[in-house]
Amino acid sequence: MRIFLSLYLVLLYSPFLYAQLLTVSPARPAPDDTIAIIFDASKGNQALKDYSGEVYLHAGLILGTADDPNGWRHVQGKWGTADPRTRLKRIGPNKFRFSFQPRAFFGLDSGQTIPSC
């Protein structure tokens with residue numbers, strides 16, 4: 001499944017990232033599975049290392065439609081807004097968790113599918 005996530009206040013893509021910032025479970029989730037994402041702020045560029053405030057995500061799906069093969073769809077989270085639906089739960093020092101079911105979280109129709117990675 002191609003789910004591209006970026007964390008509010010953090011740019012996850014950087015040529016200097018040598019550590020895994022996110023872990024996703026299960027590894028190959030289906031649209032109706034519950035997915036858990038763990039963000040480790042002590043890795044990568046460490047922009048949120050030891051940050052004591054709330055952390056939010058901005059997420060969408062790249063569905064590869066014919067009209068826009070690279071366009072995000074069903075985007076959740078509003079940049080610069082503390083959206084409670086996208087708040088990560090602090091689970092330890094520099095670690096945050098977010099759990100969701102793709103179909104419900106992204107508002108997918110019952111017949112809509114998500115391509116596998």
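Q: Buried means under 20% relative accessible area, exposed over 50%, and partly exposed in between, with a 1.4 Å probe and protein chains only. What percentage of the residues in the chain is buried?
A: This is a predicted model: local features need pLDDT of at least 70, side-chain atom pairs need pLDDT 80 or more, and totals for chains, interfaces and linings use all residues. Residues are numbered from 1 along each chain as its sequence is written, and side-chain values use heavy atoms, without hydrogens or water. The chain has 117 residues, and the buried share is 38%.

Q: What pattern does the chain follow along the sequence?
A: Helices (DSSP H or I, at least four residues) and strands (E, at least two) are numbered from the N terminus. The chain holds one helix and seven strands. Read in order, they give β-β-β-β-β-β-β-α.

Q: What percentage of contacts between residues at least 6 apart joins residues at least 24 apart?
A: A contact puts heavy atoms within 4.5 Å. Take the contacts between residues at least 6 apart in sequence. The share joining residues at least 24 apart is 60%.

Q: Which residues make up the covered face of β7?
A: In a regular strand, side chains alternate between the two faces of the sheet. The uncovered face of β7 carries Lys95, Arg97 and Ser99. Its covered face carries Phe96, Phe98 and Phe100.

Q: Which residue in β7 stands opposite isoleucine 37?
A: Strands pair if DSSP finds at least two bridges between them. β3 and β7 run antiparallel and are joined by six bridges. Opposite isoleucine 37 stands phenylalanine 98.

Q: Which residue in the turn between β6 and β7 has a positive phi?
A: β6 (residues 89-92) pairs with β7 in the antiparallel sense over three bridges. Arginine 90 has phenylalanine 96 as its bridge partner in β7. The two strands form a hairpin with two residues between them, and the residue with a phi of about 65° is asparagine 94.

Q: Why is the pair of phenylalanine 98 and phenylalanine 100 classed as it is?
A: Rings of Phe, Tyr and Trp (its six-membered ring) pair if their centres lie within 6.5 Å; planes under 30 degrees apart are stacked, over 60 edge-to-face, the rest tilted. Both phenylalanine 98 and phenylalanine 100 are buried. Their ring centres are 5.6 Å apart and their planes stand at 40°, so the pair is tilted.

Q: What kind of pair do the rings of phenylalanine 105 and phenylalanine 106 form?
A: Phenylalanine 105 is buried at 7% relative accessibility, and phenylalanine 106 is buried at 2%. Phe98, Phe100, Phe105 and Phe106 form one aromatic cluster. The ring centres of phenylalanine 105 and phenylalanine 106 are 5.0 Å apart with planes at 75°, so the pair is edge-to-face.
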